[in-house]
Amino acid sequence: MRHIISILIENEAGALSRVAGLFSARGYNIESLTVAATEDASLSRMTIVTTGTDRVIEQITKQLNKLIDVVKLLELTDGPHIEREMLLLKVAVTTEDSQQQLRRLLEVFEGHLIDHTSMTMTIQLTQTGEQIDSFIAALTDYEILETVRSGVSGIARGDKYLKI
Amino acid sequence: MELSGGEILIRCLKDEGVEYLFGYPGGAVLHIYDAIYRQDDVKHILVRHEQAATHAADGYARATGRPGVVIVTSGPGATNAVTGIATAFMDSIPMVVITGQVATANIGSDAFQEVDAVGITRPCVKHNFLVKDLSKLAETVKKAFHVATTGRPGPVVIDVPKDITDPAIKIPYHYPDEIKMRSYDPVLEGDPEQIKRAVDLLLTAKKPMIYTGGGVILGNGSDELRTLVKLLAYPVTTTLMGLGSIPYDNEQFLGMLGMHGTYEANMAMHECDVLFAIGARFDDRVTGKIAEFCPNAKIIHIDIDPSSISKTITVDVPIVGDVAGVLHEMSKLLQSVGRESNKKELDAWWKIINGWRAVDCMTYDRGTDMIKPQAAVELLHEITAGDAYVTSDVGQHQMWAAQYYGFSKPKRWINSGGLGTMGFGLPAAMGVQLAYPDETVVCVTGEGSIQMCIQELSTCLQYGLPIKIISLNNRYLGMVRQWQEFFYENRYSNSYMESLPDFVKLAESYGHVGMRVERPEDLKPMMEKAFAMKDRLVFMDIVTDQAENVYPMIMAGKAHNEMHMSPNCETPQSPQSPERELS
C-alpha cells in the first residue's frame, strides 16, 4: 500500500540525513521525499511517499517519531487529503501535427507549455502522482528528452492541519 | 563568570554531577584537556584505547544507572569509539560522548584527523550534535544529558570543533537547570485504560507467563516487578539482559529464556496462553522462529519505546510507559480487584512446569578430570557469595556466566547483549570498579575475548583497580567452534587460538598477579586465594574442557519447543538434531 507521511522536523543540518538514513538502515522504501523550510524558519516540512504493509508503515511512523529532530508527524493517507506533484518534461516535437496533438493532451491534463523551440516543447504539469504517471504513459508517440518530477507534496483536507 | 569553550565543557560536566570522564587525548581536544588539567572536580581516567573508554563509561552506567561520559579526539579517536557507542546503543545505555573535531573552518576539507563523526555515529546513537556556536555549547551539553538519560536511554555524541574550545575566546557561563525540547517528550505514564485491560487479561489466564527484559533493570523496576510477581504467583523468566531483576533462587523464576535459555522457561513460553512482556524487546535470540512464537498466547507488552511494541511480534495489549510506574499501578489495581478464581488452572500449570523443571536441563558432566567451565562459574558464585558485579565478554563464557552465576540483584550482570561485543568485559569492569571501589568486580572472559582489550591491564594498574579476571581458556573461540561443530561438520575454520601468550607472565608484566589453573582440584583453593587479594588485580587463566558446549540450545530459526539438550540430560522428548539453518 502506498502511504504519504508528512513531518515537521527541526530545520537543522543533518535532519534530512537522519530521515534518509533511517529508511536505508531499516530497509524501508522511499518512493519520493520532498523537503523545504516552512513559514517558521526553524522548521522544515517533509513529505515522504512510501510503500509497505500496515505493520511496516506503523514501524516507519514510530521510528520517524523516535528521531529527536522530528517534531510532529501526520499520516496523510489516513484521512482525506490533497497531494500534488510537479512535472517538468521536455519532448522532441518535429511536426506541426505532433505539436497540436501535445497541446490537446495538455488541455486534458491541465498542464502548461512553458518553453518552446522549433525542436522541443517543455511542459509543466501539477497533478497527483497517479495523473502524472498517466500523462507520461500517454506520451508513447513522443521522444521524451527529459523528465523532472518534484516528488509528492501533500496536505490534509478540511480543518485538519499539521502545526506545532 | 567568563569561560572558554573547553572550560565550559568541563564545568557543565561538573554541574551535571559527572564523577568520571573516560578518555584519551589528541590534537582536537587539547584545549579541553588543558581545562581538565586545571580542575579537580571531574576525574579523568586515561584508557589505552578509545574503545575501552566507551566500554568503561558503559560499565559505569550499567552498574550505577548514571550516564557514562567519554572524551576522545577527532578522526581515529572518534572511529575507535564507535564500537563502544554501538554497544551502548543496542543495550539502551545512557552515555554522553564528546568527540573532538577539526576547526570549523577546516570541516569538509579532509583535514588531518578529520572524519564526519556525526555522520559515522548517526545510526548508532540516540542523537548527536555538532556544536557550531560557542554560545550554544552549554545548552547542547544539557540537551545531550537530557536525551541520553530520559525515555529509552541511549548514547549521545557531541562533536566539538577545536575552535569552539579556543582558550582565548571566553563567554559568560550559564548551565540551564532544565531543558525542554519541543521535538522530544517521551511518554512515561502508562494509559490507565490499557493498564486495566492488562490486569483483566492477566486474571483470565490459565497458563500465564511473565517475560522480562533489560528494561526492568534500566527503569529501576525490580522492586515493583518482585511485588507484582509475588501477587500474581505466575512463573517468570528473564532475558539475558534482565538477569538479576528477580532473584535466581526465587521459586517462581524459571531461569533465562531464549537460544540458551532453560527447558522450563522456553517450554512455558511455547505453551502459555497469556504472555506478559515487561521491558523486553522480542529479540531474535529470544523469540526463535517468529511464526511459532508463543502460538497460543495473548500478549501484553510494557515498553517505554513505542517503536518496540509490535515491531516483530504483534501484541494485544500494548502499554507505553515507564516500567516501574506501570508495574506499581498494576499491583495497586490487582490488590483492589482481588484475585479471580483461576487458582485451579494455575495449580495445574505449575504441575506441568515442575515436570519440565525435573528434566534438570542445566546438568553437566561433573566427574571429569578436566575443569568444566560451568563448574568454574558455580564456584565463582560460591566464593563471591553471589554478590559480585560480574562483567563478561562475548561467547560461550558469557552464556555460562549468565546460566550458572545466579544473580540476586539488578545491575550486577553487565554484558553486551545486543551488539555482542568481544572486548567489552575488562574495560566495563574498570568502570564498575571505579564506581564501587569496595565491591567485588569480576570479569568472566575467555582467552579470545580478553585479547581484544588486553591493553587495559595497564589502565587497571594506573588506577589500582583490583578486578578479578576469570578467563575460561579452552584454546578455541568456543562459540564459533560450537557452531562449526553443529553446522559445519567440525570444520573448525579459524576458531582455534594458536600462539597464546603466557597469561600469567602477561599479567605480571602489567604489574598484576597471574595464576594458571589446570586441574579441577586446584580451582577452589586458587580462586579463594585470588579473591583474598582484595587490593590486587588477579588474572586467573583457567584451562577448561575444550569440547564443552553451551546447552540447551535452540538452533537459529527454530521454535521454543525444539531445544537441543545437553547429552547429559534426559529429556521427555528426543533431542532435536541440529539442522543446517543459520542466521
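Select chain A and colour it by burial: of its 164 residues, 27% count as buried. The model on display is predicted. Viewed along its principal axes, the C-alpha trace of chain A spans about 55 × 35 × 35 Å.

Next, show chain A as a cartoon. Its secondary structure comes to 4 helices and 9 strands. Followed from the N terminus, the elements run in the order β-α-β-β-α-β-β-α-β-β-α-β-β. Among the contacts in chain A with a separation of 6 or more, 72% are between residues 24 or more positions apart.

**Where the chains meet**

Now display both chains and turn to the contact between them. Chain A contributes 16 residues to this contact, and chain B contributes 12 residues. On the side of chain A that touches chain B, select helix H1 (15-25), helix H2 (54-66) and strand E4 (70-75), each of which supplies at least two residues. Which element gives the most to this side of chain A? H2(A) does, with 5 residues. Colouring the residues of this side of chain A by class will show 5 nonpolar, 5 polar and 6 charged.

Strands of a sheet pair through backbone hydrogen bonds.

Strand E10 (residues 236-238) of chain B runs parallel to E11(B), and 2 bridges join the two. Select B:Val236 to find its bridge partner in E11(B), which is B:Phe253.

**A pair of packed helices**

Finally, select helix H9 (residues 222-232) and helix H12 (residues 323-337) of chain B. They pack at an angle of about 30°, with their axes 9 Å apart. Angles under 35 degrees count as roughly parallel, and therefore H9(B) is roughly parallel to H12(B). The crossing of these two helices, H9(B) and H12(B), is left-handed.

Show side chains at this contact. From H9(B), the residues include B:Leu225, B:Leu228 and B:Leu231; those of H12(B) include B:Leu327, B:Met330 and B:Leu334. By class, the contact of H9(B) with H12(B) has 7 nonpolar, 4 polar and 1 charged residues.

Methods:
Residues are numbered from 1 along each chain as its sequence is written. Chains are lettered from A and ligands numbered from 1 in the order in which they are written. This is a predicted model: local features need pLDDT of at least 70, side-chain atom pairs count only at pLDDT 80 or more; totals for chains, interfaces and linings use all residues. Two residues are in contact if their C-beta atoms, placed from the backbone, lie within 7 Å. Ala, Val, Leu, Ile, Met, Phe, Trp, Tyr, Cys and Pro count as nonpolar, Asp, Glu, Lys and Arg as charged, and the others, Gly among them, as polar. Two strands pair if DSSP finds at least two bridges between them. Axes are lines fitted to C-alpha atoms, for helices over the stretch in contact, and angles run from 0 to 180 degrees between N-to-C directions. Angles under 35 degrees count as roughly parallel, over 145 as roughly antiparallel, 65 to 115 as roughly perpendicular and the rest as oblique. A crossing is left-handed if the near helix is turned anticlockwise from the far one by less than a right angle, and right-handed if clockwise. A residue is buried if 20 or more other C-beta atoms lie within 10 Å of its own, exposed if 12 or fewer, and partly exposed in between; C-beta atoms are placed from the backbone.
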